[in-house]
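The sequence and structure are shown first, followed by notes grouped by topic.

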Amino acid sequence: FYPVILLIIAILYLSTLGVPSWMLQELQNRILMRDFVVDAEAAKVDVLRGLVLEDVKLYRKRVVGPAAVQAGRIVLEPNVFNFRKPEHWIRKVAVRDGVFLPDMFWAQDTAPGTGAGTPRRLDVELENCRLYGVEIKKLSMVLETGGVGFRCDDMAGVLRNENLEGSFSGTLEYDAGRQLCRGHVETLLNLHLLIPVLEAWDMPYTAELIGRFDFGDAPPRCRADFRKTFDDAGEFHMAADVSLENVAYRGVEVMTADGGVNIALTPTNSIVTVGPLTITRRDGIVKGSLTVDAQAEVVHFDGESTIDPKALTRMIGILGNGAMDPWRFEGPVSMTARGYSSYRSYSNVAFEASFEGRNVGIGPFLAQDCAFTMEMEGATGTVSDIRGRIYGGEFDGRVAFEMPPWDSTNDIACAVELRVADASLEKVMKSLTNEKRE
């Protein structure tokens with residue numbers, strides 16, 4: 001009877017006044033972690049939850065630097081059936097108001113230990129924590145440690161950054177010996193949430209690409225497998241399938257977009273490949289692929305489209321500086337395009353395209369139908385095999401043009417050869433005088 005009373009008194013004391021410093025040190029010593037040291041300012045016992053550590057820091061052993069984790073509170077739920085085994089007495093860990101510094105997790109030991117750690121399996125929960133500037137509103141997972149790394153299974157959580165919020169699930173594995181992190185994730189979130197992570201991983205071009213999207217109220221769905229090394233090379237590879245609805249890219253509205261995305265980041269380059277890709281708009285469909293080569297600052301593209309050519313060229317990032325402004329596309333169109341184009345200059349541009357359309361206009365003129373092929377190399381382009389019908393007659397010809405310097409506001413220099421036969425002169429004159437077209 002007396003042992004029970006003493007136990008109750010001890011529990012009341014520890015839950016109200018907290019754990020004495022000498023006992024806290026002993027408890028921290030029993031939290032055996034092969035690679036980390038626990039430092040808590042205070043602790044108390046919660047009858048329902050377990051041991052509550054407050055103002056906690058986790059330091060990486062044998063590594064000089066700040067704490068890998070700082071948390072306002074960490075709750076350790078004991079496994080009463082294994083309490084006598086120091087390596088198994090914790091069943092669940094819950095972290096509240098924490099800040100994680102991944103670089104300290106992945107850091108190489110200055111004097112690495114030898115041998116594998118004791119295998120463990122823990123349930124882990126995070127709430128209101130931060131990672132790379134992104135808030136982890138909540139996260140649950142099963143953590144397995146041992147060997148020379150760890151594995152996270154059954155991950156499910158919610159990310160938040162300012163007014164953005166989205167969910168994710170998946171698995172994660174880290175091999176400390178190879179400094180390799182790999183995993184699989186499925187997300188339903190605005191990808192702008194991940195921009196701070198991409199910037200922290202030195203992926204500015206991928207962050208810039210995602211920044212061109214406006215995802216609206218419908219977050220994209222994504223399934224991805226990735227691999228990231230934390231050595232000097234710092235390579236990153238990802239293969240993903242993405243599904244978008246009601247988004248805009250470079251200001252061009254898109255109803256749906258589905259495709260594969262592959263990212264390869266090395267110390268010397270960043271390459272993003274999108275394809276096969278299908279884009280649906282109210283005015284048509286785009287099918288094809290594109291590759292963004294960050295080192296060369298070039299976009300490679302190959303596809304076919306029935307959408308407004310102005311929207312298509314804006315999305316690809318070609319024929320800027322008002323080159324498409326004189327054109328009007330008031331009927332159905334069909335076009336193909338293949339080649340590459342620099343997105344910062346005309347120094348590395350080469351592509352060919354074909355076009356067919358109805359009710360196509362340039363300047364004051366409107367053709368019933370029109371078809372042509374186009375080639376461009378550098379700043380020089382040629383539109384050939386022009387043919388069509390206009391104002392009751394037919395026309396054919398070719399156009400050569402020279403684009404002004406990339407940052408210039410000068411007009412495009414053109415040389416036009418055009419033959420028109422049997423067209424109504426009256427209708428031509430009405431177009432030139434801005435009268436109503438018949």
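What volume does the second largest pocket have? The second largest pocket has a volume of about 1,100 Å³, where a pocket is an open set of points on a 1 Å grid over the protein atoms alone, a 1.4 Å probe fits, and protein lies on both sides within 12 Å along at least five of seven lines. The volume is the space filled by probe spheres set on the points, which are joined across faces, edges and corners. The model is predicted: local features need pLDDT of at least 70, side-chain atom pairs count only at pLDDT 80 or more, and totals for chains, interfaces and linings use all residues. Residues are numbered from 1 along each chain as its sequence is written, and side-chain values use heavy atoms, with hydrogens and water left out.

**Overall structure**
- The protein has 7 helices and 23 strands, taken as DSSP runs numbered from the N terminus (helices H or I, at least four residues; strands E, at least two).
- Of its 438 residues, 42% count as buried, meaning under 20% relative accessible area with a 1.4 Å probe and protein chains only.
- The protein exposes about 23,800 Å², of which carbon and sulfur atoms supply 54%, by the Shrake-Rupley method with a 1.4 Å probe.

**Pocket lining**
- The lining comprises 47 residues, and W327, I362, F372, V383 and V399 lie nearest the pocket centre; lining residues have an atom within 4 Å of a point.
- Among the elements that give two or more residues to this lining are α6 (309–316), β18 (333–342) and β19 (349–362).
- Strand β19 gives the most, with 7 residues.
- By class, the lining has 38 nonpolar, 6 polar and 3 charged residues; Ala, Val, Leu, Ile, Met, Phe, Trp, Tyr, Cys and Pro count as nonpolar, Asp, Glu, Lys and Arg as charged, and the others, Gly among them, as polar.

**Helix α6**
- Because 6 of its 8 residues are buried, α6 is largely enclosed by the rest of the structure.
- The buried residues of α6 are P309, A311, L312, T313, M315 and I316.
- At the start of α6, a side-chain oxygen of D308 reaches to within 2.8 Å of the backbone nitrogen of K310.
- Just after α6, G317 takes a positive phi of about 95 degrees.

**Residue S305**
- S305 is found in strand β16 (residues 298–305) and counts as buried because its relative accessibility is 3%.
- A polar atom of the S305 side chain lies 3.0 Å from the backbone nitrogen of I307.
- Residues touched by S305 (heavy atoms within 4.5 Å) include L312, V333 and M335, not counting residues up to four places away in sequence.

How values were computed:
Buried < 20%, exposed > 50% of the residue type's maximum accessible area, 1.4 Å probe, protein only. Polar contact = N/O pair within 3.5 Å; in protein donor to acceptor, adjacent residues only side chain to side chain.
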